Amino acid sequence: MARAVNNKRRAVVTLIAWAVGIAIFFPILYTVLTSFKTEAEAVASPPSFLFFDWTLENYAEVQERSNYFLHFLNSVVISLGSTVLGLIIAVPAAWSMAFFPKKRTKDILMWMLSTKMLPPVGVLVPIYLLFRDASLLDTRTGLVIVLTMINLPIIVWMIFTYFKEIPGEILEAARMDGANLWDEVVYVLTPMAIPGIASTLLLNIILAWNEAFWTLNLTAAKAAPLTAFIASYSSPEGLFYAKLSAASTMAIAPILILGWFSQKQLVRGLTFGAVK
Amino acid sequence: MGIKKLFGAACSLLAFGMVSSASAETLTIATVNNGDMIRMQKLSEDFTAQNPGIDLDWVTLEENVLRQRVTTDIATKGGQYDVMTIGTYEVPIWANKGWLVELADLPSDYDVDDLLPAIRGGLSVDGKLYAAPFYGESSMVMYRKDLMEKAGLTMPEAPTWDFIAKAAKAMTDKDNEIYGICLRGKAGWGENMAFLSATANSFGARWFDMDWKAQFDTPQWKETLTFYVNLMNEAGPPGASSNGFNENLALFQTGKCGMWIDATVAASFVTNPKDSTVADQVGFALAPDNGLGKRGNWLWAWSLGIPAGTQKAEAAQKFVAWATSKSYLEMVAEKEGWANVPPGTRKSLYANPKYQAAAPFAQMTLESINAADPNNPTVDPVPYVGVQFVAIPEFQGIGTAVGQQFSAALAGTVTVDQALQSAQQLTEREMRKAGYVD
């Protein structure tokens, strides 16, 4: 009897999980499907779901018109660069705040987070002027810097939370065994926090990859990443939904594949310490 | 992969990415994503072949993103672009601020006098040309000949609003999802307000009087908005308050609209059998009027301007002259056919019998453009330039806020009177803040 109830509950939960999963994934699936339609079929009402003339012409046209590889390379450099630079700054910061908290540590953490509360457009002009004077407009270096700054509060917060889970006694024990600061961080702390650091790394790559305000506003032709590539296919006058979908599919595919392969790491990192 | 390896790979990729490359004279051109501009990009090899010392970098963006992007750049003298695609809204404002290079050194065979007077007027300040028109557009009525015939009516070449209302009701067949008229309802200064400002001109309304006082409390605006909301409620598609150009284009192409009043550029889309199911049934007429001497059509020209901050003004001027020349039109005609030539900029194009034969909507486009006068847009005099907009920097914000009120009136969440009252209040407030009125 108990097993029957259990099975029933499991079936319901599975069903709900599938429904939620499909609801979340549906827009992406529909974008991918639309990218294989003609422009006329893309706006047909009622829309055909699978039974239409599949075509690759949108991909061919997007390839012909845009330099996908340049945008892709820019995206890779910008997202990896800003994440790595962010980690280099955030790990020591989080380490000192987690293991040597001072009176104002909490306030500093809150203050860091508060910088995320300002709408980015509010500081567009000052940042634009700074970038202009530093010759950083339309450069990857400039975007790496600005995305590092933007994502730094999140990186520090995440790593701080992971470090907090690690008992300070372990570090003390290492120190008793003669480990210096470098050994302590590299051989004791980092291996223990690897799942956390890895998930921070992945999450920040995704955030930087998808960032569409600064990457559009601070670039022109040379450093424009995939967000600018997508924006070049959007049009308020003319139905180019199929081409836009093809461009979107090409832009999200790399990050989707990365996410797929690293989902175990990502979930493990995000739930790190949650069940203790 | 170990974390060390990953880190190493990331660093080397970063270093590789940051190596900057040396370049010759490269023009960076910002443009919008529409068919004519994309064609120009494809054909630009002709320009680089003629000018071996000049390379071209293209930045194509969606209209609103582009506007934000180029405005930031030109206002801060960022110098990211050498040629910018801008419209008739930006040109007078930017030229007055000294942000644009005057196009004084166009080559002798450019023939400035061949530009359509309405378009040239919209791009000039004090008689000086500050941007060259790449393509021009107005608005007109596109209608289904078969549905019009079925309703027992004949569309005149220059219809009145009364006729449009009568025809829309007669063509509507809601059971079969056919709606007599499709109009813009989505809020935005370039969305519903483009249509409604132009329509209001034909009802004798205006945005401001000569003292910059907002005019939404006048009977003309009430008549305009009441007519629009009633017409759309009776004969428009459901959910019209979120429809813009693309939504209406999709509805018209799939046979769900009897009439559609929108940009002349739509003519080539709805008559293209590849995309449109009603391609062979489309007729055209001038935008409607109310017998007051002004038609409800707008005027817009996507144009190429050169920011004053550029170091490459000479090369940029060469490019602008190439892209907007007569020979460019001939090259497009030769390679892609006369129907694909960017319309609405030159008199000679409309005098060309080959173009007239290839583009059935040519005459209507020309007449629509000629019927709009950006320097004298309304029945009563106004202190501003612009048919479907007011060429002042504050208009983007005010226009969109008013557009939200009118969109809400169409959706039925506020009444026409409430929408007009809010529009009046917010416009007065913004104009006071901006210092136009005390």
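This is a predicted model: local features need pLDDT of at least 70, side-chain atom pairs count only at pLDDT 80 or more; totals for chains, interfaces and linings use all residues.
**Figure 1. The overall build of chain A.** The secondary structure of chain A consists of 13 helices and 0 strands. Along the principal axes, the C-alpha atoms of chain A fill a box of roughly 75 × 70 × 30 Å. Chain A has 276 residues, of which 36% count as buried. Among the contacts in chain A with a separation of 6 or more, 79% join residues 24 or more positions apart.

**Figure 2. The two assigned domains of chain A.** The domain assignment divides chain A into domain 1 (2-59) and domain 2 (66-232). Between the C-alpha centres of domain 1 of chain A and domain 2 of chain A there is a distance of 34 Å. A separate annotation comes from UniProt, where an unreviewed entry places the feature "domain: ABC transmembrane type-1" at residues 72-262 of chain A. In the model, the span 72-262 of chain A is 75% helix and 0% strand. The end C-alpha atoms of this span lie 20 Å apart.

Figure 3. An unreviewed UniProt entry lists residues 12-33, 68-96, 108-131, 143-163, 184-209 and 240-261 of chain A under "transmembrane region". What secondary structure does the model show over residues 12-33 of chain A? The chain there is 100% helix and 0% strand, and the end C-alpha atoms are 29 Å apart. Residues 143-163 of chain A are likewise 100% helix and 0% strand. For residues 143-163 of chain A, the end C-alpha atoms are 29 Å apart.

**Figure 4. The side of chain A that touches chain B.** Contact between the chains involves 35 residues of chain A and 39 residues of chain B. On the side of chain A, the elements that give two or more residues are helix 2 (39-42), helix 4 (68-99), helix 6 (124-133), helix 7 (140-165) and helix 10 (214-217). Which helix of chain A gives the most to this side? Helix 4 of chain A does, with 6 residues. By class, the residues on the side of chain A that touches chain B comprise 21 nonpolar, 8 polar and 6 charged.

**Figure 5. Buried residues in helix 2 of chain B.** Helix 2 of chain B runs over residues 35-43, and within this helix B:D36, B:M37, B:I38 and B:M40 are buried. The cover over these buried residues draws on both chains. From chain A it includes helix 3 (57-65). From chain B it includes strand 1 (25-32), strand 3 (83-86), strand 6 (131-144) and helix 13 (313-323).

**Figure 6. The two assigned domains of chain B.** Chain B is assigned domain 1 (25-137 + 300-358) and domain 2 (138-298 + 384-433). Taken over C-alpha atoms, the centres of domain 1 of chain B and domain 2 of chain B are separated by 29 Å. The contact takes 6 residues from domain 1 of chain B and 11 residues from domain 2 of chain B. The side of domain 1 of chain B that touches domain 2 of chain B has 5 nonpolar, no polar and 1 charged residues.

**Figure 7. The packing of helix 9 and helix 18 of chain B.** Two packed helices are described by the angle between their axes and the distance between the axes. Helix 9 (residues 192-202) and helix 18 (residues 395-411) of chain B pack at an angle of about 85°, and their axes are 9 Å apart. Angles of 65 to 115 degrees count as roughly perpendicular, so helix 9 of chain B and helix 18 of chain B are roughly perpendicular to each other. Helix 9 of chain B contributes B:N192, B:M193 and B:L196 to the contact. Helix 18 of chain B contributes B:G399, B:V402, B:G403, B:F406 and B:S407. The contact between helix 9 and helix 18 of chain B has 4 nonpolar, 4 polar and no charged residues.

**Figure 8. Two aspartates with positive phi.** Most residues other than glycine have a negative phi. Phi of A:D138 is near 55°, a positive value. A:D138 is placed in the loop between helix 6 and helix 7 of chain A. For B:D126, phi is near 50°, also a positive value. The loop between strand 4 (124-125) and strand 5 (128-129) of chain B holds B:D126. Are A:D138 and B:D126 buried or exposed? A residue is buried if 20 or more other C-beta atoms lie within 10 Å of its own, and exposed if 12 or fewer do. A:D138 has 21 other C-beta atoms within 10 Å and is therefore buried, whereas B:D126 has 7 and is therefore exposed.

Key: Residues are numbered from 1 along each chain as its sequence is written. Chains are lettered from A and ligands numbered from 1 in the order in which they are written. Two residues are in contact if their C-beta atoms, placed from the backbone, lie within 7 Å. Helices (H or I, at least four residues) and strands (E, at least two) are DSSP runs, numbered from the N terminus. Ala, Val, Leu, Ile, Met, Phe, Trp, Tyr, Cys and Pro count as nonpolar, Asp, Glu, Lys and Arg as charged, and the others, Gly among them, as polar. Axes are lines fitted to C-alpha atoms, for helices over the stretch in contact, and angles run from 0 to 180 degrees between N-to-C directions. Angles under 35 degrees count as roughly parallel, over 145 as roughly antiparallel, 65 to 115 as roughly perpendicular and the rest as oblique. UniProt positions are given in the numbering used here, feature names are shortened, and annotations may be inferred rather than shown by experiment. Domain bounds come from an automatic or database domain assignment.
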